[in-house]
Amino acid sequence: MDETLAEFFRRTILKIPMTEMMTILKTWNFLSENQLQTVNFRQRKESIVQDLVLLCEENHASLNDAAHLDIIYTQFHRHQKIWDVFQMSKAPVSFRDAEENSVWIRIAWGTQYKKPNQYKPAYVVYYSQTPYAFTSSSRLKSNLPLLGQALTVASKHHQIVKMDLRSRYLDSLKAIVFKQYNQSFETHNCTTSLQEGSLGLDINMDSRIIHENKVEKERVQRVTQEIFGDYPQPRLEFAQYKLETKFKSDLNGGILAEREEPLRCLVKFSSPHLLEALKSLAPAGIADAPLSPLLTCIPNKGKNYFKIRDK
Amino acid sequence: MSALRPLDKLPGLNTATILLVGTEDALLQQLADSMLKADCTSELKVHLARSLPLPCSVNRPRIDLIVFVVNLHSKLSLQSVEESLCHLDAAFFLGKVAFLATGAGRDSHCSIHRNTVVKLAHTYRSPLLFCDLEIEDFRAAMAQRLVRLLQICAGHVPGVSALNLLSLMRGSENPSLEDL
């Protein structure tokens, strides 16, 4: 096996955390059970990786096999990449419920003069029977139109459009575009959270504590539940609003009132789990209920990038 | 929904009632829990409200002390408190009202200047307390303090009344406005 390929194997396997090593190697299914048993997994990681690379050499592993392993690693660690969403269309548009028919594509870009860079690949996840594809952000932005064309042709669509939706959490993006987020998933804490009131406080309240605004609290809970539902929200890290509007003022005069050019302003909301955070704003007393529709329409419209202009 | 009056009801036997007013329910709830854990010879009752005026209730006991909780991180909380103050009978401001500002510890998150609440407390001639309610130890200490204030305002401490309290607390705590 040549030096560069061996090195690529070494680095790819080294990335894998030890807790996942066996699972990933078994999923890869390139090294046999017997071969895996010859490796002493109690050594230091570098030595284990060295042994594994030697086994790969024995099996005459090719670049394809290495790429395959890299895809599996990325599937396990999908949240380490940020995913964009693309929607393709043809006339007439056909769309069917997505099953787990997903195709993971790994692309290493090269040019006429350079060999493909294996260390900076782009990933595409395509769900057959649907017009959606998800790509991990590629550093080489110039390749994007090419990728778009390839996807459109390969999937027999006519046109590809980049949606204003982006997140680290591929499964949440899926849930949003396939409209699967409004089903109750695992039961763990989704049913009890709203009943206990805000922020997970003790449900056994002392009878010496009396809430004066019980009616208002219940209204807020009800409105929040109507808007956000009972189910866990899909996970997004931010929402961005670009404003390009003319300044409007009630006061007469003022420097900005006569300005013809629109004001430009960017507002970005970020959170480890944006939609859950928005859901808890009103019950926590930080905002009034109902929240602005600009915030609550995010999963419904499948967008977390908004441009707001004067009509 | 009439304005709250301090002396329009008879007191309960050995009972002291405090009303905490603030927009952030979780903070009020935690403070209430801490107060009930504090040592106290009187029977305590804690009422929590988002704002004034309170909904009509015949069963509400006499309120001995009102604490307005302002979160320095939230302009909404200050606005809500300012609007609520209009619905309070003037007689309450004779020692039965206090302001509590939380969140001063995290300066980068503060959207309300400290001096704004100082001025507010000064305008209403009432004491201002600072405490980061999110930190358990500080909260417990403040809760203990509020319990003592409450007992005095309810008349359970012989020799000290709410009015005395007002002049006692005006000491070194509240900086003189000339410095602002």
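# A tour of chains A and B

Start by colouring the two chains apart: 18 residues of chain A are in contact with 22 residues of chain B, contact meaning heavy atoms within 4.5 Å. Before you click further, know that this is a predicted model, where local features need pLDDT of at least 70, side-chain atom pairs count only at pLDDT 80 or more, and totals for chains, interfaces and linings use all residues. Residues are numbered from 1 along each chain as its sequence is written, chains are lettered from A and ligands numbered from 1 in the order in which they are written, and side-chain values use heavy atoms, with hydrogens and water left out.

**Stop 1: the interface**

Stay where the chains meet. Together they bury about 1700 Å², with 52% of that on carbon and sulfur atoms; buried area is the accessible area (1.4 Å probe) that two parts lose on being put together, summed over both. Now select Arg208(A), Ile209(A) and Glu212(A): in chain A these lose the most area to chain B, together 36% of what that side buries.

Which strand gives the largest share of the side of chain A that touches chain B? Strand β6 (residues 209–211) of chain A does, with three residues. Strands here are DSSP runs of E, at least two residues long, and helices are runs of H or I, at least four, numbered from the N terminus.

**Stop 2: chain A as a whole**

Chain A has twelve helices and nine strands. Of its 311 residues, 40% count as buried, that is, under 20% relative accessible area, with exposed over 50% and partly exposed in between (1.4 Å probe, protein chains only).

**Stop 3: rings in chain A**

Time for the aromatics. Over all chains, the structure holds 14 aromatic pairs. Rings of Phe, Tyr and Trp (its six-membered ring) pair if their centres lie within 6.5 Å; planes under 30 degrees apart count as stacked, over 60 as edge-to-face and the rest as tilted.

Select Phe9(A) and Trp28(A), a tilted pair at 6.2 Å centre to centre with 45° between the planes. Phe9(A) belongs to helix α1 (residues 3–15) and Trp28(A) to helix α2 (residues 18–28) of chain A, so the pair links distant parts of the chain, 19 residues apart.

Next, pick Trp83(A) and Trp104(A), which pair edge-to-face: 6.0 Å between centres, 85° between planes. Because Trp83(A) sits in strand β1 (residues 83–89) and Trp104(A) in strand β2 (residues 102–107) of chain A, the pair ties together parts 21 residues apart in sequence. Trp83(A) is buried at 0%, and Trp104(A) is buried at 14%.

Then select Tyr127(A), Tyr132(A), Phe134(A) and Phe178(A), which form one aromatic cluster.

**Stop 4: Ser84 in chain B**

Bring chain B back and zoom to Ser84(B), in helix α2 (residues 75–85) of that chain. Ser84(B) counts as buried, because its relative accessibility is 1%. A polar atom of its side chain lies 2.8 Å from the backbone oxygen of Ser80(B). Leaving out residues up to four places away in sequence, Ser84(B) touches Val21(B), Ser51(B), Leu52(B) and Phe68(B).

Notes: A polar contact is a pair of N or O atoms within 3.5 Å; within protein, one must be able to donate a hydrogen and the other to accept it, and residues adjacent in sequence count only if both atoms are side-chain atoms.
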